[in-house]
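The exercises below each set a task and then work through a solution step by step. Please look over the sequence and the structure before starting.

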Amino acid sequence: KRTINHKLLTICYQMTDTEILEDIKKTVHEQFGIDQDKIEEESYFDSDLNITDIEIDDLIVILQEKYDIKFPQNSSSSFKKVSDLVTFIYENADSTN
């Protein structure tokens with residue numbers, strides 16, 4: 001039982017917004033080859049990172065699976081900056097995952 005309780009504590013850990021940002025930077029780097037140092041919280045996907053709405057849709061699919069959350073349908077246009085994604089994930093991620 002102690003092992004199970006320990007695992008539950010680990011599973012229930014809520015990521016901080018900084019950890020989510022770092023994870024998104026890593027994912028964007030892996031998917032689009034953009035240097036993580038160039039990805040800032042206030043970076044715009046289109047003008048700063050040259051990521052299209054279609055590519056944001058692909059990123060959203062990856063993040064949905066990773067964080068086990070549902071993004072609104074056709075939501076790519078509502079995520080203009082990296083910080084928009086960080087905030088959405090932080091506010092909607094289920095801490096029991």
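## Exercise 1: Salt bridges

Glutamate 42 and lysine 81 meet through their side chains in a salt bridge, at 2.6 Å from N to O. The pair links distant parts of the chain, since glutamate 42 sits in the loop between α2 and α3 and lysine 81 in the loop between α3 and α4 (82-92), 39 residues apart. The model is a predicted one, in which local features need pLDDT of at least 70 and side-chain atom pairs count only at pLDDT 80 or more, while totals for chains, interfaces and linings use all residues. Residues are numbered from 1 along each chain as its sequence is written, and side-chain values use heavy atoms, with hydrogens and water left out.

**Task.** State how many salt bridges a search of the whole structure finds, and describe the pairs of glutamate 22 and of lysine 66.

**Solution.** Step one is the term itself: a salt bridge is a side-chain nitrogen of Lys or Arg within 4 Å of a carboxyl oxygen of Asp or Glu. The search of the whole structure finds 3 salt bridges.

Step two takes glutamate 22, which forms a salt bridge with lysine 25, their closest N and O atoms being 3.6 Å apart. Both residues belong to helix α2 (residues 17-32) and are 3 residues apart, about one turn of the helix. Helices here are DSSP runs (H or I, at least four residues), as are strands (E, at least two), numbered from the N terminus.

Step three takes lysine 66, whose side chain meets that of aspartate 23 in a salt bridge (3.1 Å, N to O). Because lysine 66 lies in helix α3 (residues 53-67) and aspartate 23 in helix α2, this pair ties together parts that are 43 residues apart in sequence.

## Exercise 2: Accessibility

**Task.** Decide for lysine 25, aspartate 23, glutamate 22 and lysine 66 whether each is buried, partly exposed or exposed.

**Solution.** Begin with the cut-offs: buried means under 20% relative accessible area, exposed over 50%, and partly exposed in between (1.4 Å probe, protein chains only). Lysine 25, with a relative accessible area of 14%, is therefore buried, and aspartate 23, at 15%, counts as buried. Glutamate 22, at 39%, is partly exposed, and lysine 66, at 42%, counts as partly exposed. For the protein chain, 31% of its 97 residues count as buried.

## Exercise 3: Two packed helices

**Task.** Describe how α2 and α4 pack, and which residues make the contact.

**Solution.** First, the axes of α2 and α4 are 9 Å apart and the helices pack at an angle of about 125 degrees, which makes α2 oblique to α4. The contact is made by Asp17, Ile20, Leu21 and Ile24 of α2 together with Val82, Leu85, Val86, Ile89 and Tyr90 of α4, where contact means heavy atoms within 4.5 Å. Angles under 35 degrees count as roughly parallel, over 145 as roughly antiparallel, 65 to 115 as roughly perpendicular and the rest as oblique. Axes are lines fitted to C-alpha atoms, for helices over the stretch in contact, and angles run from 0 to 180 degrees between N-to-C directions.

## Exercise 4: Positive phi

**Task.** Where does asparagine 50 lie, and what is its phi?

**Solution.** Asparagine 50 has its place in the loop between α2 and α3. The phi of asparagine 50 is near 55 degrees, a positive value in a residue other than glycine. With a relative accessible area of 62%, asparagine 50 is exposed.
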